[in-house]
Amino acid sequence: RDGNQLVSLTGLWKNAGLFVTLSGPSLLKANLELLKKRGIITMGVNNSPAAFRPNLWTHGDPPNKFHHGIWKDPGVLKFMPVRCFPHALRVKEDGKFMTVDELCRDQPGVIGFARNADFNPSRFLDEPSVNWGNGKKAVERNKHPHILNIMFCVMKLPWLLGFRRLYLLGCDFKMTDKDPAYAFTQSKHHGAVTSNNGSYIKLNHMLNLLKPHFDQHNYQVFNCTPNSGLLTFPFMTLEDAFHEETKNIPGEPLDTEGWYDHVEARAA
């Protein structure tokens, strides 16, 4: 974004598959080296780039909750809600936080998108804005649970960008007081753990409502997280997902000999 210019990325990754690296601690147990191979594209969320550096990234909560190392990284294309454009960047130096005179939107590789908080399964894929759950005002109208969560953005943004297959990693959907809460360093008190587990129940319910519409549009979502608490989508191993997405990608190193010499007639 430069000078409030509008840019459309709709369908840019037409019919591609996307590996989504979520924040659950199981992410660290996956063979993440596979995600660095040719033919693979990844999207991270919130602070998950601290565990694995993705190609694309998005967030749900206010942008100053997320490490300035993500915002400053020009190699990560960042998608942020337009309503968060006025937020300033926060940095952490020597263990201390400080808000600086820079906007998150003005960091390299930032794209804004319109967001809504009125959950409607039947229009979820078709509406032009990105739904991120159900706000309090919407609950009164639609009677769906009150929840705002990055998982809804993870479902909608890739669809708009043209991806038609999603592979979810770090999608634990369960949290305890004893285990690490995330794939990155972040403590979580008992009340927050209880709240998150309540959110996972709501998410399972609402994603179940979305799946028939995904199936109708041939939008495939696979859960590549062993022992995940998300039960809506079929399980696939990361290795099988990797082979599926790279089956038409030539092996390494690329055979470049002769490509500059001549052009063959087009095959029938």
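Reader: Which residues have the most contacts inside the largest nonpolar core?

Author: The model is predicted. Its largest nonpolar core holds 46 residues. The residues with the most contacts inside this core are M151, M155, L168 and F214.

Reader: Which element gives the largest share of this core?

Author: Elements giving two or more residues include β1 (17-21), β12 (165-169) and α4 (190-216). Helix α3 (150-161) is also one of them. The largest share is nine residues, and it comes from α3.

Reader: Which residues does M151 touch, leaving out those up to four places away in sequence?

Author: M151 is among the residues with the most contacts inside the core. Beyond four places in sequence, its partners are L22, L168, F173, L203, L207 and L230.

Reader: How many residues are in the other core, the one that includes L27 and F222?

Author: This core lies apart from the largest one. M236 and L238 are also among its members. Its count is 16 residues.

Reader: Is E127 buried or exposed?

Author: E127 meets R123 in a salt bridge, at 3.0 Å from N to O. R123 is partly exposed, at 33% relative accessibility. The cut-off for buried is under 20%. E127 has 9%, so it counts as buried.

Reader: Why are K211 and D215 separated by about one helical turn?

Author: K211 forms a salt bridge with D215, with the closest N and O atoms 3.0 Å apart. K211 is partly exposed at 24%, and D215 is partly exposed at 46%. They are about one turn apart because they sit four residues apart in helix α4.

How values were computed
Residues numbered from 1 in each chain as written. Predicted model: local features only at pLDDT ≥ 70, side-chain atom pairs only at ≥ 80, totals over all residues. Heavy atoms only, no water. Core = buried A, V, L, I, M, F, W, Y, C linked by side-chain atoms within 4.5 Å. Buried < 20%, exposed > 50% of the residue type's maximum accessible area, 1.4 Å probe, protein only. Contact = heavy atoms within 4.5 Å. Salt bridge = Lys/Arg side-chain N within 4 Å of Asp/Glu carboxyl O.
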